[in-house]
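Please consult the sequence and coordinates alongside the text.

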4 protein chains.
Amino acid sequence: MGIRIAVAGASGYAGGELLRLIAGHPEFDLVAATAHSQAGQPVVAVHPQLAGLDLTLAVTDPAALADADLVFLALPHGESAALAATLPPTAKVVDLGADHRLADAAAWQRYYGGPHAGTWVYGLPELPGQRAAIAAADRVAATGCYAVATTLALAPLVAAGAVSPADVVVVAASGTSGAGRAAKSHLLGSEVMGDLSPYKVGAHQHVPEIKQASGATGLSFTPVLAPMPRGILATVTAVPATADVDPRAVLAEAYADEPFVHLLPEGRWPHTAATLGSNSCHLQATRDVDTGRVIVVSAIDNLGKGAAGQAVQCANLMLGLPETTGLSVWGIAP
Amino acid sequence: MGIRIAVAGASGYAGGELLRLIAGHPEFDLVAATAHSQAGQPVVAVHPQLAGLDLTLAVTDPAALADADLVFLALPHGESAALAATLPPTAKVVDLGADHRLADAAAWQRYYGGPHAGTWVYGLPELPGQRAAIAAADRVAATGCYAVATTLALAPLVAAGAVSPADVVVVAASGTSGAGRAAKSHLLGSEVMGDLSPYKVGAHQHVPEIKQASGATGLSFTPVLAPMPRGILATVTAVPATADVDPRAVLAEAYADEPFVHLLPEGRWPHTAATLGSNSCHLQATRDVDTGRVIVVSAIDNLGKGAAGQAVQCANLMLGLPETTGLSVWGIAP
Amino acid sequence: MGIRIAVAGASGYAGGELLRLIAGHPEFDLVAATAHSQAGQPVVAVHPQLAGLDLTLAVTDPAALADADLVFLALPHGESAALAATLPPTAKVVDLGADHRLADAAAWQRYYGGPHAGTWVYGLPELPGQRAAIAAADRVAATGCYAVATTLALAPLVAAGAVSPADVVVVAASGTSGAGRAAKSHLLGSEVMGDLSPYKVGAHQHVPEIKQASGATGLSFTPVLAPMPRGILATVTAVPATADVDPRAVLAEAYADEPFVHLLPEGRWPHTAATLGSNSCHLQATRDVDTGRVIVVSAIDNLGKGAAGQAVQCANLMLGLPETTGLSVWGIAP
Amino acid sequence: MGIRIAVAGASGYAGGELLRLIAGHPEFDLVAATAHSQAGQPVVAVHPQLAGLDLTLAVTDPAALADADLVFLALPHGESAALAATLPPTAKVVDLGADHRLADAAAWQRYYGGPHAGTWVYGLPELPGQRAAIAAADRVAATGCYAVATTLALAPLVAAGAVSPADVVVVAASGTSGAGRAAKSHLLGSEVMGDLSPYKVGAHQHVPEIKQASGATGLSFTPVLAPMPRGILATVTAVPATADVDPRAVLAEAYADEPFVHLLPEGRWPHTAATLGSNSCHLQATRDVDTGRVIVVSAIDNLGKGAAGQAVQCANLMLGLPETTGLSVWGIAP
């Protein structure tokens, strides 16, 4: 008998990827998956890629989740706190939503509105000290997808004093699954194929999370919707602190022992397709010849290291399992 | 120490998928991967999705492969026989190329030219009797991607006498990885995105294989290149033998115990994205209301059940392992 | 002062393409564009590709359209008849919806439900005798997109007695704009990219129209949604009437003088991207070597020759203008 | 009889788009189209979207072009000067290549190598004074695609002193046609679909052109290959000169009378699909709330305003025609 796992909010894209990872995880037993409007449907009606997985979506309520050793919450922003409060104290919880990520309640209210639900341990194991904190926690707030891609590129450089934290410029493009599964006309295939489309320019809600996690103090962040289902490519630029900064050396040292973060060999740049279906982050860095700016490019699967994979990685740590259990380092390409 | 596995022809798309499956297979040790023009390169330079896999591509020659318990051949058509002849008799071999699939040497010469290399056990375990034949074989010819998609849809209906084998009409669309990795201008992204393009209309080289495997005696087969990297959707139509033929019932019985072939619930139709990265085949069938024709639609990942996954499934059987070891039933979506 | 043109239902994809063609038409003045929920919005808010077109969407009602010499109706199926009845008798009308295409009221009710609105002149100028009928008509029912692609491939062969009309098998794949602009979750970019998905298998509502227009008496028609915004590729197969049928010769004769129908040189097959933005249909034909079946492949832009372009071509005829005015023979590629 | 036009280098993507625009231009007669390896082929064999255009590709040599009033050069970088020198002095020439764009010979040599061919009038009519210079010129160097997208966003802000020219950060993503039509394996559809891939990070050859045209003195420019055939989306950020800079106001004034440059209404952001097939540039601007940086986003069709459309616009000016003749303001969407 494995560890009993439940997923609340299993009908969305992150929820579907969680189900896939849990079903393939050697130590996990998927005991419940819940949804709102899709409750009562077989999982395969909602996630046809899981053909053969014999489970029916339950209604998202405390009873459906009471029996789990660990619960993943993949709910719309703002709904995690209420549900988490109903879970048994013995249950560990990983929240994939934004509710418990921010330490700054004012920032929460400015970007999300409504009362701040509180702050949980931040679920990015590759940050210094964070792996141990996650392992010791019962409640973990998994990272946002843009925050993972940007923070893994930037945080070691800020921490090392290699770049100024005050003038960070990031342009990050995401596949459409990052925009969710709700039917919206601007997300129709007819609209997004063949199209690059910026959104929330100048004021994206992920800015506070990225600043908090990366150490940036001034962040211009422009997200772009890209014509592909999955993947984030973040181009992170910052002003070097000194003329001789070597960003590759800093990143190489920071991630030397990380199983999921790969600084690519010189001359090779990350691209999103190489991370599809994996929990890996690919990085490369250089200095711009014209301005000297540090440029770091980061690629992840937004539903993998950017959501469900990251959440499973945190769960492994919380449960005392090897951190890589049930996760793939390798992407599926082409 | 696991079973020693080598891949000859590891630089192409099927080769890359093989490497991914082998690297994640709990019983396999990848001991050699060979290539032609890419020999000497690290695997990750050729397959960046395999970041962290520390292996260099060797030259495709007997010495590089001599040490393996089982060798996968993922070579261009016509090159397998010569290399296979150099392998130790104790090595098991799975050929992903077309060389050893056909029993009819004349058909080989008509479509491929050159001498016929001989006939190996055909690597489609779901055909009646074939699972045992594969398990007993040292040399297996894995199926072609179009043949898998079409045969799984059609063979049980022909075998049951439910449809006439004489007037089968198939239109099958494939993702671009089916066309290989060689640089050709008509396969450029600029050309294929936004485009559906038929090819080899009226005379495709896979017709003899499909007829041999499915039992069709007359086959009109039209392949179409589709704007996606992976996946085959085959629409298979045939004239029913009697007015009361129920194609779903025939398929349900044929595949009741198959781990990788899923007849979907009524009302749900296969689509390719649900099979991405998996070794599954999704099927659905109905009768056309206007003509009464049986229509079966089949979806696979052309590099999964259509190539590398199928080859690993055969290898598992040949090695006495559980057939599903190291293979995923579930696709990655969206 | 040009001919006064109005579009009812201008907020959808066919409506947007109509606006583009009308705005660029040298003899047309766009005097009104109407919509339902989008009424009151500037056209460019709904169709950002028309930046610089200064017009506001009016409410779809008789007053908004009363002033036009010709009205295009691009309404949901079932809504054209009521609106058409309110238009002045002096106004010419081209209906892009299905309401007035079918001669068989029973077929209408079987596939669409509700009362049949009556039959207008069928707007496919390339059918024998139809060009004159359109030119003489005040009310024209423009063709459905699948019907155009299939009929142009098939009708000359049936009319010439070259193929049997009784066993026609068609598989036709369409870009997603054919499924409309309403927000539906299965049409999200995340779902459709990388995916081929059949739908309404065995009983598609376009079967009666295709049979009526092409002369087929038995039609197995399978539509597939393809991962691209625009384009239809129809693979049309039929049993030849005699062993020496030459389908190319029949098509060459039928379309020798047609400006928009191009039988490609031997050896070149139609593909959808070559028709993007044009009013052209590309055709090629052969005989299957295994079964002798005639195979004709047809490519169009579903919003061009399949909808808005076809409607403008009909309008040109109805208004006594050169048939090609304001339409492009050439596609935009890549 | 119209103005006699020739295209040297008509087999590539920019060449094909030029042929389409010329064939539809009311004042142009296409008298010659030349190519290298494709010479002798009918145009439609190379550009199937131009079905019905009856012309054969000639060999690129002086004789083939001698008869033209205006010659477009769409040759590989470095080949324009030699051919241009052979043209009659009476022939006007528009070069779509990079050879004659740069005033700084050292910059040419650093990024392209080889001797600098000299400097022609820069073909961006929307720059102050440039329209008249182009109209008076016999030799014009049409702009590079990235330079158009970036310069139109940035130049008015630099000229007005609204932003510092010294710390401009640009991330610009392009469709694959910008990478040309030569068969390269990293540009295969299998590679680019579903993928975002940065390239030439830190040192792109377009930096000198963008600096020269826009007035930037320090430019960090990161190009990204995006999974779509056409389109450029440039995200241009710069430090405002004063706290109260209003970038929209500056752009609105600069482009008030421009037919092809559209500053979108507030709240609407440019996206590439809206410019497909057009000669338009869509712009929007804001200030980043976290850092105050000015962010301007620009969208063009890289083969339209970024190449062939721009070249025709320049040719219209050089020939005394209305600047918009034969060009579309409107894109084709979806």
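In which loop of chain B is K200(B) found? K200(B) sits between β9 (197-198) and α9 (207-214) of chain B, where helices (H or I, at least four residues) and strands (E, at least two) are DSSP runs numbered from the N terminus. The model is predicted, so that local features need pLDDT of at least 70 and side-chain atom pairs count only at pLDDT 80 or more, whereas totals for chains, interfaces and linings use all residues. Residues are numbered from 1 along each chain as its sequence is written, chains are lettered from A and ligands numbered from 1 in the order in which they are written, and side-chain values use heavy atoms, with hydrogens and water left out.

Most residues other than glycine have a negative phi, and most peptide bonds are trans. K200(B) has a positive phi, near 45°. Because its relative accessibility is 44%, K200(B) counts as partly exposed (buried is under 20% relative accessible area, exposed over 50%, partly exposed in between, with a 1.4 Å probe and protein chains only).

The peptide bond from A333(A) to P334(A) is cis, with omega near 0°. P334(A) belongs to the segment after α11 (304-318) of chain A.

In chain B, helix α7 (residues 145-159) packs against helix α11 (residues 304-318) at about 105°, with the axes 8 Å apart; axes are lines fitted to C-alpha atoms, for helices over the stretch in contact, and angles run from 0 to 180 degrees between N-to-C directions. The angle therefore makes α7(B) roughly perpendicular to α11(B) (65 to 115 degrees; under 35 is roughly parallel, over 145 roughly antiparallel and the rest oblique).
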